[in-house]
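Student: I should like to learn how to read a structure of this kind. May we go through it together, one feature at a time?

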Number of protein chains: 2
Amino acid sequence: MRMVTTAAVQMRCSDRIEENIAHAEELVREAASRGAQIILLPELFERQYFCQERRYEYYRFAKPVEENDAVLRFREVAKELSVVLPISFFEKDGNLLFNSVAVLDADGSCLGIYRKTHIPDDHYYQEKFYFTPGNTGFRTFKTRYATIGVGICWDQWFPETARFLAVNGAELLYFPTAIGSEPILSVDSMAHWRRVMQGHAAANLMPVTAANRIGLEEVFPCEENGGQKSALEFYGSSFITNGTGELKASMDRTSEGVILAEFDLDELMENRLSWGLFRDRRPDMYHE
Amino acid sequence: MRMVTTAAVQMRCSDRIEENIAHAEELVREAASRGAQIILLPELFERQYFCQERRYEYYRFAKPVEENDAVLRFREVAKELSVVLPISFFEKDGNLLFNSVAVLDADGSCLGIYRKTHIPDDHYYQEKFYFTPGNTGFRTFKTRYATIGVGICWDQWFPETARFLAVNGAELLYFPTAIGSEPILSVDSMAHWRRVMQGHAAANLMPVTAANRIGLEEVFPCEENGGQKSALEFYGSSFITNGTGELKASMDRTSEGVILAEFDLDELMENRLSWGLFRDRRPDMYHE
């Protein structure tokens, strides 16, 4: 048996970085005190979801990983609590800006960076204005407690993300997220969003942990955003599935907090082998 | 609006071909009388699930598509009722045997054959003994009512199957199936099985229709099967999802019958475009 406890943090994000980092830390400490070893925070939790509007000055939010406030703070927290923390942040690398995750191991070291492969673009999720499509490829990280794969938000809608992480040795999948209302499409995508990732878990026989933010985030008209007025309501609903895609823990749309689930990585591996799916893949038939 | 009604037939299979074909026809007629235009029968419904045991003489069950009893009969039925019928059958092509589907259009013509890509192999699902892995690749078929993609049973566990059919223009996905108990693994895979395919629907914004058989099928020890004794209980639970993976119709584990659901193919296409998933795919990042 190789037991590991995974957790997701669900939180509201204010317009003050220090406040968000401190609040995230408070929830990470709660998760750790309850036994969590790998703890997922939501996407870009340092700020409100700035991609709701297009503003050139927001490019200045991006920093190299060595200078990002959340990464710097959580390297200390990871080491102190002996927990693994995938930290989502807005990354600057030379002339390129990425939507990235730094995977911090339980000794506080940074195991590496994954840059979001799939970039969405809709009226209030205007990420193509900010982020270059990731150039790292899908990456797995051998942490102290498990080999994990991380996708970032929109990546979670693509079976390719989960599959490539699984084929590359992932044992657990993580998706930091910022998703909520669709003011124009008028759809509530929550159940759809969950089913896609339950499908990834079921197809890869691998638990999925997804952490989303909550709260109403408003944008007011100004010259810098071209007079846009809008408001996104983030729907939380963070969850953890088991290796058949069944929900083992989940949150509502409005509460802050932490959810946890414990898995036996050896048992999951045995299930993957005995079910035979990876044995029977035929990559030669998958060329487009 | 481009409305289409899809249906799944759930049935028990006896050890008499003529009886199974007549019974399948009865249920197809019922579905058609209720408005179904594309009707899916279960996998290899002409016989009991012979792959439960390894017997050389069962190789003789395989026939070229032009000589298969079910295909011959259902070409007439398709034409008479103006319905599209994907017909699962055991195919012989020279020295090779395949687990295949012939897609019959509403005029009775055969649009082509798809050969099962992924072949399972477990104690009582011994398909690698019978079937060469399919050499057709994933295929879509432009039928009178919709462009459809068909995977066969084990294919349904692979996100690659659904994705390639969707990328190649499918509007609806079909999975004829023969799945039931796992005498050795002692798992009930039903919910897992459904979640994988609900995930395909959700990830590809495309309805999935799955038809399974029901009933206990027993194997008795004899020289030809090496003294094997076993029994598989097929669990039915056939279903139809919408384009977000939500179940729109489903059956229980023990009843025979027909389920139907109606979809607007134009609306589904608009949803696929406005959601942006296919726009944002990055096939250059998917090389293994």
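**Reading loops, a helix and an interface**

Tutor: Let us begin with a loop: B:Leu44 lies between strand E2 (38–40) and helix H2 (69–81) of chain B. Please bear in mind that this is a predicted model.

Student: What is the phi of B:Leu44?

Tutor: The phi of B:Leu44 is near 45°, a positive value in a residue other than glycine. B:Cys153 also has a positive phi, of about 40°, although it is not a glycine. B:Cys153 belongs to the loop between strand E7 (147–150) and H3 of chain B.

Student: Is B:Leu44 buried or exposed, and is B:Cys153 buried or exposed?

Tutor: The cut-off for a buried residue is under 20% relative accessible area. B:Leu44 has a relative accessible area of 6%, and therefore counts as buried. B:Cys153, with 8%, is buried as well.

Student: How should I read a helix?

Tutor: The general idea is that an α-helix has 3.6 residues a turn, so residues three or four places apart point the same way. As a case, take H4(B): at 1.5 Å a residue, its 15 residues should span 21 Å. The end C-alpha atoms of H4(B) are 22 Å apart, which agrees.

Student: How many residues of H4(B) are buried, and what follows H4(B)?

Tutor: Of the 15 residues of H4(B), 14 are buried, so this helix is largely enclosed by the rest of the structure. After H4(B) comes B:Leu205, whose phi is positive, near 50°.

Student: How do I read the interface of chain B and chain A?

Tutor: One begins with the residues in contact, then considers the area. Here 49 residues of chain B are in contact with 49 residues of chain A. The two chains bury about 4100 Å² between them, and 62% of this is on carbon and sulfur atoms. Of the area that chain B buries against chain A, 17% is supplied by B:Arg195, B:Trp275 and B:Glu288, more than by any other three residues.

Student: How many salt bridges are there between chain B and chain A, and how many residue pairs are in polar contact?

Tutor: The count is six salt bridges. In one salt bridge, the side chains of B:Arg163 and A:Glu160 meet at 2.7 Å, N to O. Across the interface, 21 residue pairs are in polar contact.

Student: Which helix gives the most to the side of chain B that touches chain A?

Tutor: Helix H3 (159–167), helix H4 (190–204) and helix H5 (265–275) of chain B each supply at least two residues to that side. H4(B) gives the most, with seven residues. The residues of this side of chain B divide into 21 nonpolar, 15 polar and 13 charged.

Definitions and conventions. Residues are numbered from 1 along each chain as its sequence is written. Chains are lettered from A and ligands numbered from 1 in the order in which they are written. This is a predicted model: local features need pLDDT of at least 70, side-chain atom pairs count only at pLDDT 80 or more; totals for chains, interfaces and linings use all residues. Side-chain values use heavy atoms; hydrogens and water are left out. Contact means heavy atoms within 4.5 Å. Buried area is the accessible area (1.4 Å probe) that two parts lose on being put together, summed over both. A salt bridge is a side-chain nitrogen of Lys or Arg within 4 Å of a carboxyl oxygen of Asp or Glu. A polar contact is a pair of N or O atoms within 3.5 Å; within protein, one must be able to donate a hydrogen and the other to accept it, and residues adjacent in sequence count only if both atoms are side-chain atoms. Helices (H or I, at least four residues) and strands (E, at least two) are DSSP runs, numbered from the N terminus. Ala, Val, Leu, Ile, Met, Phe, Trp, Tyr, Cys and Pro count as nonpolar, Asp, Glu, Lys and Arg as charged, and the others, Gly among them, as polar. The expected span of a helix is 1.5 Å times one less than its number of residues. Buried means under 20% relative accessible area, exposed over 50%, partly exposed in between (1.4 Å probe, protein chains only).
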